[in-house]
Amino acid sequence: MNHKIVSYMVGRILQIEAALLLLPCLISLIYTEWHSSLALLASALIAFVIGCVCTHLLGKNDKMIFAKEGFAIVALAWISMSLVGALPFYISREIPKFVDAFFETVSGFTTTGASILTNVEKMSRGLLFWRSFTHWIGGMGVLVFVMAIFPQESGRSIHIMRAEMPGPSVGKLVPRIRTTAKLLYIIYIVMTVVQIVLMLFGGMPLFASVLHAFGTAGTGGFGILNDSIASYSPYLQWVIAIFMLLFGINFNLYYLFLIKHFRAALKSTELWVYLGIVAVSTTIITFNIYNTFNTFSDAVRTSFFQVSSIMTTTGFATADFNLWPSLSKTILLTLMFIGSCAGSTGGGIKVSRIIIVMKTIFRDIKRMLHPRSVGSVKFEGKILDLHTTNGVSVYFAIYFILFFIILLLISFGSAFDIETNFSAAAACFNNIGPGLGAVGPTSNFAAYTGFSKIVLSFAMLLGRLEIFPILLIFTPIFWKKK
Amino acid sequence: MKIIISGCGKIGSTIISNLVEENHDIVAIDSNPAVVAELTNIYDIMGICGNGADSDILDEAGVSDADLFVSVAGSDELNMISCFLAKKLGAKHTVARISTPEYNDKSLAIMKQHLEISLTINPERLAAHDLFNVLKFPSAVKIESFSRRYLEIIEIKLKDDSLLDGVKLMDIRTKFNAKVLVCCIQRGDEVFIPNGTFVLKSGDKIGVAATHQELLKFFKALGRSQKMAKDVMLLGGGRISYYLADLLTDIGTSVKIIEIDEKVCETLSEGLTKATIIHGDGAQQELLIEEGLLTTDAFVSLTGMDEENILISIFAQSQNVPKVIAKVNRDELYAMAGKLGLDSLVSPKKIVSDLIISYARALQNSMGSSVETLYKLMDDKAEALEFNVIENPELVNIPLKDLKLKANILIGGIIRNRKTIIPGGNDIISAGDKVVVIAANHKLQDLSDILEK
């Protein structure tokens, strides 16, 4: 393990975070919130100083990045970023306990949207902005951002990108990693701006539009009102629901659209399966909850919004789905695990992995019936090698083992029923936010013990970084010098 | 520039590693997923797994806006088809590796024209040419020639008792009475361009630029054997051996090829009537000695195994063969073989990659004074480039001593009207000349890049 480059990159990330913290600081100055602006400024300074110590004293940019270093950089960068990002909440005393502030920040960066705040509306605007801004930063990934702005001389930095970008296989859009990162961010920024403009048309104030766009783009789910999106007009609900769906699609497809390869983009199996699942789930839930609504369009909108929000792992809500019949709740719980497409900003297992696992299962069943049959797993028109299918199967296994470990850990000393604990673990691990029962859309995670909050914070990091980076830093062999 | 490399074997990956340093957008195509994965892990390039002659794969690689398409897979036919397809799909220039001896000059010319291939390269033939040059001039480790051999740059290593030990560079011309220019020096791991006050030490590897005649004079004065090898033993009957034997027997050199495979021996003896073909295992020292290793002028080890080449060459060196050359393909072994005392090494993939780089630089710079030839010297740490000079007020008709050159750059030769000038401070460059520049730690695109800005 090359400790120097790891330290250097983590320091770089903290310096960037310091710069990013200045933006909410500016916002709070505009709204003359002196208290929170000071807290944000102080945090920025701390981040900058620690960052400089890491880059100059402890680290060195010697460009020796291999797979191991890539994982370590990503894991440590995310953890230290969350620790520093929690400072403004803690220093300003708007979230008095550091564990709570850490949970909230991790929830922000991992685009989960699970909150411990009992009253969001009481927060100062500067900190609300920072809270939602963490979604936007975490959505596309900080290290991808670093790659977009700093020239990387070593081609091996693909290891970092691979560790941070979700999906079973990370491909580049263009030959160069820096151009790829830039393109991804350009697509991301343009889509966010379009959403802000559309919401402004719908009469939402600028501040709210920007924050909701951040929450949607990162598929996070932090809102600014206690009832999330429920009090906004149907038009705004439609805009948010559709944009959630869009941000849950693989960004590579947008690039294909950009370079006018429409046919290639529309040929994506994952896209159609993703849209298919959304359509089927929406239909079933609509008929399941139809009788509680006055008009059919209300029922369609509400169920589509909830399906889109849960499937893309955003976590906005327009209805308290806790009160829905158990069929609808079970569908939503299933969608939590499926998640969005690979290469999007969303979390969960990812549709592409589900497809690959299903195809692997069918092939193996066929092989059991016809032991001499030869079959291969094809996905997106390409034959997958054993390495990839194995990787996906292992990912599945680890995913569920870890899920039950998390569930077990938060059940210790927990006052909640199994539905709450199960959905809380699922909602955090899959980066959704609200769960069912006592952590449903109208309530929050405040009542969990400090220990459970730390466990859930790590669950969120595991989910966002797709398990391995975080898991590896807990293994001793990973840190051995040789 | 956007460059697509199809076929990422030894040659392909060397080309990629060199082009990456030149800041091109590179897409690599190979049918082996492991190779593609490895390359994309190491270099900042896009990798696509598939057949280079599949139009879908070429589309995916973005062939329609590629500036250069290079197909260097093992199969000549695949390379031809890939290049043809790439050209038809919009690639601006195509380069194919074609190395079967049966595709001779005539059929190659027809194919080049009709498949619209911009450049065909034959690594084995190029390697054979390089070896041929060195065998004609055995005192040198390596010879690079410019502009139809009006100027040559040779690399030599100063032995312990060398007459050059302790000599100041500015005194060389008077002391040895030869118009030569020491243009780059490798001492230890460092490579630099020296000035006149530099003092040579034994153990240095130096690059000397001069015309062929002057070099002969220089070596005579140095007292080093400069006799052309008249009797050459080649180990291994691959394509390089075939081409080399062909070249050597043409000028009357006696050639003996030792090859282990009987079938290959038969084919060789059909193609090379003047050479002696021996069927036997070259790793057997007895056989080598029986076939006259002790009396041969030069021994070239060209088997497919780097390790075998190195070890047998060391053996030949221990038997006091005047000139021993080993073919070494793997970079790690190349460096190690140098440390083991083998100073003459040949690596076909390096030759090809030099060629592709000079071609890419020339394409990138088709407007200015373009790169005509490029060679990497001193273990790739310095470059010698030949430029065609065009009218440029900053450069042309100014005495060289008044030009503000960047550090570590030297003008090694000017070729004007078929005459070679080894320049001094009062010489000038004029439009229409060919200029050879030696640069360490620079990547020159245009002749004007040599000026301090």
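Predicted model: local features only at pLDDT ≥ 70, side-chain atom pairs only at ≥ 80, totals over all residues.
How many bridges join strand E1 (residues 2–6) of chain B to strand E4 (residues 68–71) of chain B? There are four, and the two strands run parallel.

**Chain B as a whole**
- The secondary structure of chain B comes to 14 helices and 22 strands, and 46% of its 453 residues count as buried.
- Because a compact globule with 453 residues would have a radius of gyration near 22 Å, the 22 Å of chain B agrees with that expectation.
- The C-alpha trace of chain B spans about 65 × 65 × 40 Å along its principal axes.
- When contacts in chain B between residues at least 6 apart in sequence are considered, 62% of them join residues at least 24 apart.

**An open sheet in chain B**
- Six strands of chain B form an open sheet with parallel pairing, in the order E3-E2-E1-E4-E5-E6.
- Strand E3 (46–49) and strand E6 (119–121) of chain B are the edge strands, each of them pairing on one side only.
- On average, and with direction ignored, neighbouring strands of this sheet are turned by 15° against each other.
- B:Ile3 has B:Leu68 as its bridge partner in E4(B).
- Helix H2 (residues 33–42) of chain B lies across strand E2 (25–30) and E3 of chain B, and runs at about 175° to E3(B).

**Where chains A and B touch**
- In this contact, 10 residues of chain A meet 12 residues of chain B.
- The side of chain A that touches chain B has four nonpolar, two polar and four charged residues.

Definitions and conventions
Residues numbered from 1 in each chain as written. Chains lettered and ligands numbered in written order. Contact = placed C-beta atoms within 7 Å. Nonpolar A, V, L, I, M, F, W, Y, C, P; charged D, E, K, R; others polar. Rg over C-alpha atoms; globule rule 2.2 N^0.38 Å. Buried ≥ 20, exposed ≤ 12 C-beta atoms within 10 Å, placed from the backbone. Pairing = 2+ DSSP bridges. Axes fitted to C-alpha atoms, helices over the stretch in contact; angles between N-to-C directions.
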